[in-house]
Amino acid sequence: MDREKRFKYLKESHDKVWDIIIIGGGATGLGVALDSVSRGLSTLLLEQSDFSKGTSSRSTKLVHGGVRYLAQGNIDLVREALRERGLLQENAPHLVQNEVFVIPNYTYFNKIFYSVGLKTYDLLSGKLSLGKSKGISKKETISRIPTIKQEGLKGGVVYHDGQFDDSRLALNVAQTAMEQGADIFNYMKVTGLSKNGEAISGVKAKDIETGKEFTFNGKSVINATGVFVDEIMSMDKQDHIKTIRPSQGVHVVLDKEFMPGKDAIMIPKTDDGRVLFAVPWHDKVVVGTTDTLLDEYSLEPTALEEEIDFILSTAKKYLNKAPERKDVKSVFAGLRPLAAPKGGSGKTKEISRSHKIIESDSGLITITGGKWTTFRKMGQDTVDKAVKIHKLEAKESSSENMKIHGATDNVDFSDPLYFYGTDRSGLEKLTDNNPGLGDRINENYPYIKAQVIWAVRHEMARTVEDFLARRVRILFLDARAAIDMAETVAILMQQELDKDKKWAKDQTSEFIKLANRYLLEEYNPTISS
Ligand SMILES: Cc1cc2nc3c(=O)[nH]c(=O)nc-3n(C[C@H](O)[C@H](O)[C@H](O)COP(=O)(O)OP(=O)(O)OC[C@H]3O[C@@H](n4cnc5c(N)ncnc54)[C@H](O)[C@@H]3O)c2cc1C
């Protein structure tokens with residue numbers, strides 16, 4: 001995991017030709033890397049920022065078949081996603097929890113309608129089922145969701161899906177691929193494509209930390225850059241016409257008091273026909289999402305006021321205690337790629353939630369759409385395509401049986417450090433050797449200083465944001481608390497990364513500026529150093 005050593009190796013291997021070079025370290029790119037190493041292909045993945053900095057850290061946290069797609073009659077998509085859901089639960093049991101979802105029903109018709117529909121969901125999950133759905137009484141609905149609005153409540157339907165930590169999974173998939181021989185870098189931006197005649201022969205990249213430039217040779221190049229795919233396609237073809245238009249999805253995070261039980265709520269049809277989830281996550285509740293067409297995209301999209309209002313006002317219809325703006329601990333936005341309108345039409349069409357693989361004349365392969373849940377299968381399909389087009393010598397894919405780094409069946413989800421899985425013992429060793437590292441970073445949350453050291457040494461964390469947003473999830477859970485932790489984290493990282501005091505100070509103020517984007521009211525405490 002030592003970045004300096006790995007860079008030295010990269011410089012020494014400038015003549016190397018990788019079988020597969022992947023641009024983008026979100027769910028999709030990492031899925032390609034995982035499948036690629038499972039076939040014995042030499043693999044290089046370059047991420048311009050941190051792993052899962054884009055959409056892949058901003059999901060609803062569901063490993064699911066997609067009840068909504070079932071309602072749309074998209075049976076094949078749901079069947080495939082349910083299979084992947086089951087495989088992921090087997091391969092990453094330290095990150096994927098079996099979650100009970102309650103659909104509260106305020107009419108008897110809905111109770112019957114959803115009970116029948118979810119039987120199909122159960123059937124489609126086959127051997128990899130997480131549990132059977134069933135209709136439940138009003139009394140049981142209230143006992144499962146004590147804060148549910150009771151007026152007019154007729155009962156509910158419960159079903160099972162998975163719930164996970166998206167950024168931790170991204171990191172653990174990167175670690176798994178590296179352990180199998182992949183070269184994987186964060187903070188390496190692809191700035192151009194190299195060609196041999198018309199055919200793609202590699203990428204040009206820049207190390208964001210030092211500005212150093214590199215050229216990497218590859219037999220195949222995969223564009224897995226989410227809403228950024230058009231930028232890479234334009235590097236390939238100057239007159240490339242945009243294929244993507246982003247649609248934003250926002251979530252707000254509330255304290256557990258708004259939904260104190262273990263179960264999640266699924267509202268299949270809000271007043272304007274959307275689906276809304278309220279999901280327990282790391283001792284908070286994540287509520288969302290929205291679907292707002294945008295003209296611009298960025299790695300750090302901002303929630304619109306009307307999206308926050310929509311979520312809060314919808315939650316108010318289903319919860320006894322109405323959450324207000326002051327109750328929002330954090331708000332985060334993610335972008336899904338939609339197919340851009342063609343021929344001047346204003347209409348957009350979803351690049352369905354099933355994925356799409358585009359092959360360019362130059363041999364560039366672009367993969368877009370899909371879901372976190374199906375990241376592995378998307379990777380497999382993409383590698384299949386690369387093997388075929390570029391005649392790569394590859395074994396059969398075995399990613400569906402690959403255990404993800406940290407996997408253990410011995411998980412106590414009530415332990416605040418459960419998500420480390422088998423790495424938990426490494427953290428304990430750190431605190432045994434230096435008991436001060438067992439101290440909390442902030443008195444209100446269970447994170448300890450050893451986690452910062454661990455993240456730098458073993459999890460490729462390079463910035464305060466990497467740690468507070470994606471190695472632990474406090475920025476997404478309670479942005480104010482994250483701000484309070486920033487300085488302590490910066491000082492620990494400064495020492496571990498051998499940086500100076502100015503670095504720590506800059507990191508702290510940069511993080512505070514960023515974290516304010518996750519808050520509805522500004523919070524700027526004075527920094528002590
Ligand atoms: C609001 C919302 C909720 C969702 N909820 C769920 C859910 O609950 N369950 C589920 O299964 N799916 C969910 N999804 C879908 C899922 O999150 C996405 O399918 C998935 O995260 C997309 O991953 P990606 O790798 O394609 O894109 P991204 O995560 O955006 O990754 C693309 C990466 O490419 C990098 N990149 C871009 N340009 C360059 C360059 N030049 N050089 C190097 N790197 C570059 C970016 O920095 C970025 O990290 C949700 C999506 C949204 C929007």
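**Domain arrangement, ligand shell and a helix pair**

The protein is divided into domain 1 (3–55 + 168–242 + 351–401), domain 2 (95–163 + 245–339) and domain 3 (418–518). The structure described here is a predicted model.

Between the C-alpha centres of domain 2 and domain 3 the distance is 30 Å. The contact between these domains involves ten residues of domain 2 and nine residues of domain 3. On the side of domain 2 that touches domain 3, S16 gives the most, with three residues. That side of domain 2 consists, by class, of four nonpolar, three polar and three charged residues.

The ligand is surrounded by 38 residues, of which Gly24, Gly26, Gly54, Gly226 and Gly249 are the closest. Domain 1 and domain 2 each contribute at least three residues to this shell. At least two residues of the shell come from each of helix H2 (27–38), strand S8 (188–196) and strand S16 (330–339). The composition of the shell around the ligand is ten nonpolar, 21 polar and seven charged residues.

Helix H12 (residues 449–458) packs with helix H15 (residues 479–497) at an angle of about 40°, and their axes are 10 Å apart. H12 is therefore oblique to H15. The two helices, H12 and H15, form a right-handed crossing. In this contact, Lys449, Val452, Ile453 and Val456 of H12 meet Val489, Leu492, Met493, Glu496 and Leu497 of H15. Seven residues of the contact of H12 with H15 are nonpolar and two are charged, with no polar residues.

Definitions and conventions:
Residues numbered from 1 in each chain as written. Predicted model: local features only at pLDDT ≥ 70, side-chain atom pairs only at ≥ 80, totals over all residues. Axes fitted to C-alpha atoms, helices over the stretch in contact; angles between N-to-C directions. Helix = DSSP H or I, 4+ residues; strand = E, 2+ residues; numbered from the N terminus. Parallel < 35°, antiparallel > 145°, perpendicular 65-115°, else oblique. Left-handed = near helix turned anticlockwise from the far one by under 90°. Contact = placed C-beta atoms within 7 Å. Nonpolar A, V, L, I, M, F, W, Y, C, P; charged D, E, K, R; others polar. Near = placed C-beta within 6 Å. Domains from an automatic or database assignment.
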